[in-house]
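Here is a short briefing for a first look. Read it with the structure open beside you.

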Amino acid sequence: MIEFAGKSVFKGIASAKISVYKRYDPTVKCFTVDDPEAELRRFYAARDMAVDQLDELYSMALDEVGDESAAIFMIHTMMLEDFSFINSVENLISNGHFNAEYAVSATGHSFYDMFLGMDDAYMQARSADVRDVSERLLTILYGNSQQEISSDEPAIILAEDLSPSETVRLAKGNIIGFVTSAGSVSSHTSILARTMKMPSIVDAGFEVLKEYDGLHAVIDGYDGKIYIDPDEAFVTKMLRKQRDEAIKAELLNEYKGRDNVTIDGRRISLTASVGSLSEIDDAVFYDAGGIGLFRTEFIYLEKERFPTEDELFEIYREAAEKMGDKEVCIRALDVGADKRMGYFGLPEETNPALGCRGIRYLLRNPDIFRTQLRAIYRASAYGNLSVMYPMISTVVDVGRINRFNNDIKKELDADGIEYGNVKHGIIVETPSAVMISDLLAREADFLVIGTNDLAQYTLVIDREETAVHEFYDPLNISMFRMIKMVIDNAHRYKKKVSICGELSSDPTITHIFLAMGADEISVIPSDILLMRKAVCSTNVTEISQHTLQQLWM
Ligand code: PEP
Ligand code: MG
């Protein structure tokens with residue numbers, strides 16, 4: 001048996017066969033070939049396979065989401081049959097004697113630039129389709145016939161890293177756990193794995209990628225370990241551990257129905273951070289006081305095109321109805337940085353974490369923003385919905401958001417469409433937002449501190465980057481001081497503050513958040529009872545004043 005240790009993302013046990021996932025190398029190599037005819041045949045075969053894949057995707061989409069949405073796959077097929085596209089690839093292979101991968105990639109890039117440079121917004125958006133089509137062709141040419149990660153039987157994936165858009169599809173592909181050689185626990189991939197309750201480990205080192213394909217493995221997400229080729233006795237031991245952990249979790253059930261109140265009477269709200277409707281069921285199961293953060297981007301990452309207003313409305317309405325009169329705080333779409341899909345049309349950026357993400361993407365793409373806001377307003381007639389905005393760094397951002405909301409309310413009024421009293425919050429996750437949190441608190445109905453990004457931008461350490469992870473310390477004193485500043489500023493304007501992100505789930509610092517006066521803590525549903533236990537065992541008045549002074553003086 002071989003054993004590797006990494007960082008645990010989700011505490012759980014998975015036992016299955018290994019499937020090693022290698023993404024095709026996107027840095028396309030350019031070289032000349034001796035037999036251009038054979039290279040052309042490779043290209044035609046890849047194109048035929050891509051057309052077959054798209055036909056299949058079209059039929060699947062037609063059944064599941066209807067013809068309007070399925071049309072995207074038809075557009076991709078048309079691009080693969082487009083004379084000028086094909087002609088350009090053929091030319092590069094026949095006359096330039098270039099390899100097929102280079103011919104496809106070079107053609108894809110020049111068509112991408114051409115579409116992006118057009119005046120018409122519809123044609124500009126087609127640039128993302130060109131990129132998707134060439135990536136599909138390249139994937140096939142590099143020998144991976146499917147872009148999906150899937151297996152016929154339950155499997156554990158070993159990979160260098162996974163993107164959020166790959167992760168969101170894992171469960172559908174029969175994958176029950178994963179281990180990556182790189183990665184960080186605060187990445188969106190890890191957040192997604194936790195919300196999917198998928199036993200997983202990141203940062204396990206490159207040795208884990210050796211040829212273990214097809215061997216049996218057990219992931220122990222409690223200890224952050226993967227065991228390859230274990231004997232039967234070991235597998236049985238692990239399954240027993242899984243049962244014991246379930247019993248421990250069961251013991252927390254005594255906290256269901258109890259108030260979140262400290263020994264000395266400080267009350268706090270404990271809400272759930274979720275990314276899908278099924279997690280809202282978990283939130284109800286674990287007795288959450290509401291939904292403090294509904295990450296909506298995972299709904300988009302699962303699709304090959306933007307969801308329609310009606311599709312979003314149905315999801316938000318169901319979320320509102322499931323939670324009854326408890327508040328559901330929907331976060332406006334936060335894509336960009338690592339959360340990308342071809343159809344988002346995101347620009348190529350040298351530093352995407354500092355680029356077009358969160359509110360910047362929404363303000364630049366008003367139709368997408370409006371569609372989401374309209375769906376939220378319409379769904380608000382069915383429950384207690386609020387909305388919050390990610391990556392705010394100036395008050396000007398807020399002014400621009402307000403104009404969107406005012407316009408939408410006018411439209412709905414004119415059409416006689418009902419909506420509820422939607423509250424508006426701001427996620428404080430940039431140092432700039434911390435420094436102007438008094439001004440933001442004046443503008444907004446509530447503030448939410450997003451500790452993941454706040455740590456990334458405060459420490460100036462990419463939350464995704466394994467190479468600098470030893471320096472990433474979200475418990476740094478700078479974080480506590482910032483959090484305290486935001487809470488004090490919000491309270492000056494009688495606004496509530498919630499804390500979300502990975503720090504909020506750490507029961508060893510809950511007492512500090514309580515002492516600071518946080519009004520709400522939002523954690524993944526399965527951590528609610530653990531956090532309630534932490535709150536109920538805290539005596540805020542007994543917390544050393546000296547420690548607190550050191551933290552925020
Ligand atoms: C955060 O940054 O803390 C947060 C809640 O948002 P996300 O992790 O989705 O970026
Ligand atoms: Mg964030």
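A residue counts as buried when its relative accessible area is under 20%. Glu-429 has a relative accessible area of 3%, so Glu-429 is buried. The model shown is predicted.

**Metal site**
- Glu-429 (OE) and Asp-453 (OD) coordinate the magnesium ion (ligand 2), at 2.0 to 2.2 Å.
- Glu-429 sits in the loop between strand 13 (423-428) and helix 15 (431-435), and Asp-453 in helix 17 (residues 451-459), so the pair ties together parts 24 residues apart in sequence.
- Asp-453 also counts as buried, at 3% relative accessibility.

**Nonpolar cores**
- The largest nonpolar core has 94 residues. Phe-294, Tyr-316, Phe-369 and Phe-513 have the most contacts inside it.
- Domain 1 (2-23 + 148-250) and domain 3 (259-551) each supply at least three residues to this core.
- A second, separate core has 26 residues, including Leu-40, Ile-86, Leu-137 and Leu-138.
- Beyond its neighbours within four places in sequence, Phe-369 contacts Ala-332, Ile-359, Leu-362, Leu-363, Tyr-389, Ile-401 and Phe-404.

**Helix 4**
- Helix 4 (residues 100-116) has 17 residues, which should span 24 Å at 1.5 Å a residue. Its end C-alpha atoms are 24 Å apart, which agrees.
- Its buried residues include Glu-101, Thr-107, Phe-111, Tyr-112 and Phe-115.

**Ser-181**
- Ser-181 lies in the loop between strand 5 (175-180) and helix 7 (188-195).
- Its relative accessibility is 2%, so Ser-181 counts as buried.
- Leaving out residues up to four places away in sequence, Ser-181 touches several residues, among them Glu-160, Asp-203 and Phe-206.

Conventions. Residues numbered from 1 in each chain as written. Chains lettered and ligands numbered in written order. Predicted model: local features only at pLDDT ≥ 70, side-chain atom pairs only at ≥ 80, totals over all residues. Heavy atoms only, no water. Core = buried A, V, L, I, M, F, W, Y, C linked by side-chain atoms within 4.5 Å. Buried < 20%, exposed > 50% of the residue type's maximum accessible area, 1.4 Å probe, protein only. Domains from an automatic or database assignment. Contact = heavy atoms within 4.5 Å. Helix = DSSP H or I, 4+ residues; strand = E, 2+ residues; numbered from the N terminus. Expected span 1.5 Å × (residues − 1). Donors = N, O, S within 2.8 Å, 3.2 Å for Na, K, Ca; no water.
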